[in-house]
Amino acid sequence: MKTFAAFAPILMFVASQFAWAEDTPSKNRLRLETSAYLQMHAENPIDWYPWGEEALAKAQAENKPLFVSIGYASCHWCHVMEKESFSDPKIAAFLNKHFVCVKVDREERPDVDSVYMLATQIMTNSGGWPLNVFLTPDAKPFIGTTYLPAEDREVPLADGQAVGVQPGFSTLAKRVAIAWKEQPEQLKQVSDNVTRALKQVLGRPLLAPELTDHETIFRTFDRALEKEFDPRFGGFEFEEGNDRIPKFPQPSYLVYLLKQNAAGNATAGNMLEMTLEKMAHGGIYDQVGGGFHRYSTDRHWKIPHFEKMLYDNAQLLSIYAQASKSLDKPEFAVVARGIADFVLANMTGPGGEFYSAFDADSDGEEGAYYRYTPEELQRKLSADQLRLAEQALGMTGEPNFEDEYYVPQFHGAPEAEKLADLKAALLSLRNQRTKPFLDKKVITSWNGQMIRGLADAGRILEEPRYTEAASQAADTLLKSAAANDGRLRRTWETKASHAPAYVDDYAMLIDGLLALHQATGEQRWLNEAVKLQALQQKHYWDETFGGYYFTPDDNSNLIVRGKLYTDGALPSGNAVAVSNLKTLAKLLPDQAEQYHAWAEKTIASNATLLNDHPNSAARMAAELVE
């Protein structure tokens, strides 16, 4: 994990020069926030502010650096750092004295997160959450790091022989405070350099290159896929001989493979089939309760990081439903139904809206809700059930998680009825435990993705109840927008001081509405999609260079207003917008020329990535496949 090593020449002062401040009463403002993640920090002794003008003005008035900590409710290491560092009265008192402290929910404020995550990646070539960034009073970043323990600790060095010391968060905070006192101009110079780099990446290009021909882009992408694809266990980004590198589903890659397979690319179809099969058989898929966990901690998809995100399940629902048909794999339809049924039963609100995430932890332990001990199985299952658990779910022999627990994986195909009975028994055992925390934040873009997933599953699997659930969610979100002069909100609790929604929220809800139109044939979904597309054009479109800004034209307090083209766990909003525009052009011939023009200009604005690194823009590359 990279931290602040690059800035050692600036920061290497004697930490003992600064004593911890005396405890003072906290003026923590997070008690007034609605975000579940911010509420988790509302009792910290730190004088936390939410991101906004009050904190920024205080920093400038007092000439104090900002300490900005970004995370989300289901983040395991965010919880660890909250307990170790942010609940410590001495660390809190020091932070309160020397910094203006800001807590950010990255799911509520992805604009803030995207800017400072990129800044941290520029500074350290790494990133993650919790993201902890120190800024000048004018919000320019000069140091970024992820999780750090509260105090220094010894760590083995690369040679495996010597031992070094990893500075803890308290040491970092002291060094930053000293550096700001003794050498503020050096820190400002670093922050100016980083901000210039941010503007080059996120801002307008000086001269965009011409988009190369599509076949050349595909060849470049396919070469990258050949290097990244795991030929034994499916998925991407692995290292032979190292089974402990985490592996993510990467839905944008899978959408690209789906489209290439439909275009007759057999290699793409083989990659897709192996990946979906291995994922469905592993522990990353919840074999008992349905739905996918965030990622696998190993090459084999066996042991997951246990949080469950709406956006992962939304995208994989659509992908498994489509692949069940295009690859003629009925077992993929079973997985799709497992995803849909899990979300409808566990992540759906009273109005049909979808909640954002389940935590990885319960009772303070990661995965405690999902794991089983051999003794528990012996006591609670019948002899027939135990035998089936061993044969079908691999729950036999040496435990596969932390040397004492089983995480079920699919090992065979017994009679469906017997397997269903076993899963019901295992689910009953699980439901006697403390359930992980459910973040009931309703995020528009993620809901749009789940509407797409359910609409696709309802249409392809001929399950009207999925289509009906998608329709109910869409109605609920559109009613919320109607109460806001027709403009979308990021979440139902979005404050007036926040951007009302981001381009992802528009693009992904439009995508869901277009999927509903395809599934139902109802004109109203198309009409609503057209209205939202008009708002997206008005407030996010770049008239000069094409493409869509992440934030609207009438609400932003960031150091740069940028456009995002790379895919992460979610696809780029610009890529989804291209898909929407092409669909609208097909459905509305009278306006096809304009929609096509916007789509082509958006693609052209991303020529740099598509030409040189199309795997970073997989979802947009998929839109080039005919």
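**Reading burial, packing and disulfides**

Modeller: Let us begin with Q449, which counts as buried because its relative accessibility is 7%, below the cut-off of 20%. Please bear in mind that this is a predicted model.

Biologist: In which helix is Q449 found, and with which residues is Q449 in contact, its neighbours within four places in sequence aside?

Modeller: Q449 belongs to helix 17, which covers residues 444-461. Beyond its neighbours within four places in sequence, Q449 touches Y311, A314, Q315, M508, L570 and P571.

Biologist: How is the packing of two helices to be described?

Modeller: Two packed helices are characterised by the angle between their axes and by the distance between those axes. Here, helix 12 (residues 310-326) packs against helix 17 at about 20°, and their axes lie 8 Å apart. Helix 12 is therefore roughly parallel to helix 17, since angles under 35 degrees are classed in that way. Helix 12 passes helix 17 in a left-handed crossing.

Biologist: Which residues make the contact of helix 12 and helix 17, and how do they divide by class?

Modeller: Helix 12 contributes, among others, Y311, A314 and Q315, while the residues from helix 17 include Q449, M450 and G453. The contact of helix 12 with helix 17 comprises 11 nonpolar, 8 polar and 3 charged residues.

Biologist: At what angle do helix 20 and helix 21 cross?

Modeller: Helix 20 (residues 523-540) and helix 21 (residues 573-587) cross at roughly 130°, and their axes come within 11 Å. These two helices are therefore oblique to each other. The crossing of helix 20 and helix 21 is left-handed. By class, the contact of helix 20 with helix 21 has 6 nonpolar and 4 polar residues, with no charged ones.

Biologist: What is a disulfide, and which cysteines does one join here?

Modeller: A disulfide is a covalent bond between the sulfur atoms of two cysteines. The count in this model is 1 disulfide, joining C75 to C78 with an S to S distance of 2.3 Å. The link of C75 and C78 is right-handed, with 80° about the S-S bond. C75 counts as buried at 3% relative accessibility, and C78 counts as buried at 2%.

Definitions and conventions
Residues are numbered from 1 along each chain as its sequence is written. This is a predicted model: local features need pLDDT of at least 70, side-chain atom pairs count only at pLDDT 80 or more; totals for chains, interfaces and linings use all residues. Side-chain values use heavy atoms; hydrogens and water are left out. A disulfide is a pair of cysteine sulfur atoms within 2.5 Å. Buried means under 20% relative accessible area, exposed over 50%, partly exposed in between (1.4 Å probe, protein chains only). Helices (H or I, at least four residues) and strands (E, at least two) are DSSP runs, numbered from the N terminus. Contact means heavy atoms within 4.5 Å. Axes are lines fitted to C-alpha atoms, for helices over the stretch in contact, and angles run from 0 to 180 degrees between N-to-C directions. Angles under 35 degrees count as roughly parallel, over 145 as roughly antiparallel, 65 to 115 as roughly perpendicular and the rest as oblique. A crossing is left-handed if the near helix is turned anticlockwise from the far one by less than a right angle, and right-handed if clockwise. Ala, Val, Leu, Ile, Met, Phe, Trp, Tyr, Cys and Pro count as nonpolar, Asp, Glu, Lys and Arg as charged, and the others, Gly among them, as polar.
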